[in-house]
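Thanks for coming, everyone. Let me put the structure up, and then we can walk through a few parts of it.

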Amino acid sequence: MPEHKSWANVPLAPANKAPPAPIFPWTRGRGFRAAMFLSFDVDAESAWTSKDPAHAERLVTMSFGGYEARVGTPKLLELLRDLGLKATFFITGWSVEAHPAMAESILQEGHEIGHHGFHHLLPDPGDPFIQEELERGFSSLKRRLGVVPVGYRAPFGESCEELLSSLKQHGMLYSSSWRDDVRPYRHVLADGSPGVIELPVTSSYDDWMHGLSARFSPRTILPREHVLSMWKDELDEVRDWGAMVTTVLHPQVSGRPMRFRLLREFLEYAMGVGDVWIATGREIAEHFANCEASVQRLDG
Ligand SMILES: [Zn+2]
């Protein structure tokens, strides 16, 4: 009898070796019950050409991504300025090279710039381009913006051991891709050593899932009432849990008028409840690292 490849190849162990997330308070002495990692993924046209380089000549498909530089990102920056919020923008190296003015405007507004690959290539295990894609991303951010990022979000939300250990080797502070928790935790690498901090994500706050439909990404577009009720319910329950939410918003989706209105209403709600710490990935990860260090000092 032949062996099924899943019996032979899939270890009888959890894929994630990290222990459960520690329960730390959200900031010191400010009464926040929960946190929101406010983040955007700026893929621009690389969202499309990473799926198929031939899209580069399909100009209407490309125009979905082009909306980010022309309208979406400037409008979102205006919204964040009006609300007095700072966010993290994970930008592909390709977007920085193709739209330097857009990338600079994000930086000038004081937002955090994160690494999102170079050409938004899916980091699949064994892929020979994982390191080069990472290097190219770092180099575009450094050369064009003078930024050395501390945070990384995997293109297409996928990751693997090789990538995780590379993030640590590059001195990154955090990753924001995993779906397996509602609080930050520290990764454990394959060799048992500590890895980067994870700021986990949920699909509920990924606007692409319910706000964009295109020939090569067909989906049902959900109206404001559906999405707002989902976003509020998730946030309210997370406040009761003392946990966090992470948004994964794209200027080509949430920079559209109806989605923009919905996002503004949601952010005003989150600010209005008064107990949600709305912060960048760097702020949350640094806070986590400080809590971890003080616990270790007490233990030591
Ligand atoms: Zn992306």
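Start with helix H7, residues 161-169: its buried residues are Leu163, Leu164 and Leu167. Buried means 20 or more other C-beta atoms within 10 Å of the residue's own, with C-beta atoms placed from the backbone. Helices (H or I, at least four residues) and strands (E, at least two) are DSSP runs, numbered from the N terminus.

A word on the source. This is a predicted model: local features need pLDDT of at least 70, side-chain atom pairs count only at pLDDT 80 or more, and totals for chains, interfaces and linings use all residues. Residues are numbered from 1 along each chain as its sequence is written.

What covers the buried residues of H7? The cover includes helix H6 (130-145) and strands S5 (151-152), S6 (174-175), S7 (185-188) and S8 (194-198). After H7 comes Gly171, with a positive phi near 75°.

Now the sheet. Three strands form an open sheet, ordered S9-S1-S10, with parallel pairing. Strands pair if DSSP finds at least two bridges between them. S9 (244-246) and S10 (276-279) are at the edges with a single partner strand each, so one side of each has no neighbour in the sheet. S1 (residues 34-37) and S10 are joined by four bridges. Ala35 has Trp277 of S10 as its bridge partner.

How values were computed: A residue is buried if 20 or more other C-beta atoms lie within 10 Å of its own, exposed if 12 or fewer, and partly exposed in between; C-beta atoms are placed from the backbone. Two residues are in contact if their C-beta atoms, placed from the backbone, lie within 7 Å.
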